[in-house]
Amino acid sequence: MACVVVPMVEAIIVTIAKKIVQRKERKALGNSSSTETINTPMKEERQTLQMGLSWSRKLSWLNNLLWGGVFLLALEHIWHGEIILWPPFLTAMKNPADIQPMLEEMALFGTSMAIFVTVVWVIMIYIAEHKLKYNCTKIYLDD
Amino acid sequence: MYFIITALAAIVTTVFCYNMQDKHRLSILCFIYWGATLMWLVDHVLAFFIEGGELFEMTLDAALLGCLVVLSGFFVWGIILFLKNIKRSHLKTE
């Protein structure tokens, strides 16, 4: 019914956190030049090899996972008529008897989705960092 | 069915992303599809254990929804790519 709301709230929090972390990282880098703001995939890759995975990059992965999931799930809910594009937006809100089951669904399904995506993201980061360490050691040994 | 179609799209995009070394920021499209796949996985499994019934809905309606979802993900990725290119060219000219 409205399970998509919980991951959406998490996505909003992660977006704000990402912006704050990004600003802090730019400050820490000393904003060396204005060209730093142009982030090409090649430049990002070079930066990652030099300094490791930045928190802003890690958070952007979670952000993309959450927003991508939320967007496609919202489409599915619109298709099934559970979400409408005008107030009150959630069809269940029209009938007071449907509000309680909607909240229960949000608590069970929505929270489980948000937790599962976050757990997968943590595993992803763990693997990526290990792979990065392995690649750095390989480059060091090759030199 | 839409879960299966999205999961297949996620796998195919990941393979392309790996082979093309994230050219055209394919990783964004990967994340969009994987995010939806993970969420639907939880939704389907929980619904199966709590409400019972079929694990996967094999209907034409679900297949059409799957195609719409994949196309929408592609469309969103295209818009993101377009906006990022505009931003980059704007920063270069400054």
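I began with the surface of chain B, which exposes about 5600 Å², with carbon and sulfur atoms supplying 73% of it (Shrake-Rupley method, 1.4 Å probe; for residues, only the protein chains shown count as cover). I kept in mind that this is a predicted model, where local features need pLDDT of at least 70, side-chain atom pairs count only at pLDDT 80 or more, and totals for chains, interfaces and linings use all residues. Residues are numbered from 1 along each chain as its sequence is written, chains are lettered from A and ligands numbered from 1 in the order written, and side-chain values use heavy atoms, without hydrogens and water.

Next I looked up the fold of chain B: it has 3 helices and 0 strands (DSSP runs, H or I of at least four residues for helices, E of at least two for strands, numbered from the N terminus).

I then checked α3(B), which has 34 residues and spans 50 Å from first C-alpha to last, close to the 50 Å expected at 1.5 Å a residue (1.5 Å times one less than the number of residues). Its buried residues include B:G66, B:V69 and B:W77 (buried is under 20% relative accessible area, exposed over 50%, partly exposed in between; 1.4 Å probe, protein chains only). Their cover includes α3 of chain A together with α1 and α2 of chain B.

Last, the largest nonpolar core: I found 51 residues in it (buried Ala, Val, Leu, Ile, Met, Phe, Trp, Tyr and Cys joined through side-chain atoms within 4.5 Å). α2(B) gives the most to this core, 13 residues. Beyond four places in sequence, A:L66 touches partners including A:V117 and B:M39 (contact: heavy atoms within 4.5 Å).
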